[in-house]
Amino acid sequence: PSHDKLRATYAAMITFLDEQVGIIMKRIKDLGLDNNTLIMFSSDNGATFSAGVDTKFFNSTGGLRGLKMDVYEGGISVPFLARWPGKIPAGSLSDLPSVQYDIFPTLAELTGKEVSGLDGVSLLPTLLGQTTKQKEHSFMYFEYPENGGQVAVRMGKWKGVRHNIRKNPNAPWVVTGIVTGK
């Protein structure tokens, strides 16, 4: 950043992203595909800590601990939005824990393709409001080489975290609750 309007710049970037999504949505509608197209939107990691982003001002983590490249919820929890008129109930919400590698099995199930040997689970039942048919992860694993090396394993509402594993490969596990993300 070479100026003192960092918050305004960040807000403008979010506005620009919103406008670009609007352009895509309009094009899909103009092509007559809007009622027969599944649109998914997500991010690859939590809020960034760089380029002068004021995560506290923008409440970027929603009060969750950690930022990008942390294995705490603030570093890995991201929004996931899906729109599919007539299939996904408008305004529906889910607290199903999922990860990016669930998208491939979801698309495979959607297209009727058989896949095996994947760590992900199809999210299609949840998207369609059929939560009783939804398979869940028995655990989820996260790893970042940054910040001295970190790993985390989430099981249900609990997560075990290890830090500084490059210097100390036997670093102890710290257990944290997911309910608060703290």
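The buried residues of helix H4 pack against strand E1 (39–42), strand E2 (80–83) and helix H5 (124–127), where contact means heavy atoms within 4.5 Å. Within helix H4 (residues 103–110), the buried positions are Ile103, Pro105, Thr106 and Ala108; here buried means under 20% relative accessible area, exposed means over 50%, and partly exposed lies in between, with a 1.4 Å probe and protein chains only. Just after H4, glycine 112 takes a positive phi of about 75°. The model is predicted, and local features therefore need pLDDT of at least 70, side-chain atom pairs count only at pLDDT 80 or more, and totals for chains, interfaces and linings use all residues. Residues are numbered from 1 along each chain as its sequence is written, while side-chain values use heavy atoms, with hydrogens and water left out.

The chain contains 5 helices and 6 strands, which are DSSP runs numbered from the N terminus, helices being H or I with at least four residues and strands being E with at least two. Along the sequence these elements follow the pattern α-β-α-α-β-α-α-β-β-β-β. The C-alpha trace spans about 55 × 50 × 25 Å along its principal axes, and of the 182 residues of the chain, 31% count as buried.

An open sheet is formed by 4 strands in the order E3-E4-E5-E6, with antiparallel pairing, two strands being paired if DSSP finds at least two bridges between them. Strand E3 (140–144) and strand E6 (174–177) are the edge strands, since each pairs on one side only. Inside this arrangement, strand E4 (residues 150–155) and strand E5 (residues 158–163) pair in the antiparallel sense over 6 bridges, and the bridge partner of arginine 154 in E5 is lysine 159.

Arginine 154 also forms a salt bridge with glutamate 73, the closest N and O atoms being 3.6 Å apart; a salt bridge is a side-chain nitrogen of Lys or Arg within 4 Å of a carboxyl oxygen of Asp or Glu. Because arginine 154 lies in strand E4 and glutamate 73 in helix H3, the pair ties together parts that are 81 residues apart in sequence. Both arginine 154 and glutamate 73 are buried, and Glu73, Arg154 and Lys159 are linked in a network of salt bridges.

The structure holds 4 salt bridges, among them one in which the side chains of aspartate 54 and arginine 7 meet at 2.8 Å, N to O. This pair links distant parts of the chain, as aspartate 54 is in the loop between E1 and H2 and arginine 7 is in helix H1, 47 residues apart. Aspartate 54 counts as partly exposed because its relative accessibility is 23%, and arginine 7 is likewise partly exposed, with a relative accessible area of 41%. A further salt bridge joins the side chains of lysine 26 and aspartate 30 (2.8 Å, N to O), which both lie in helix H1, 4 residues apart, or about one turn of the helix. With a relative accessibility of 51%, lysine 26 counts as exposed.

Threonine 61 is located in the loop between helix H2 (55–58) and helix H3 (73–76), and its relative accessibility of 17% is why threonine 61 counts as buried. When residues up to four places away in sequence are not counted, threonine 61 touches Ala47, Gly66, Leu67 and Gly74.
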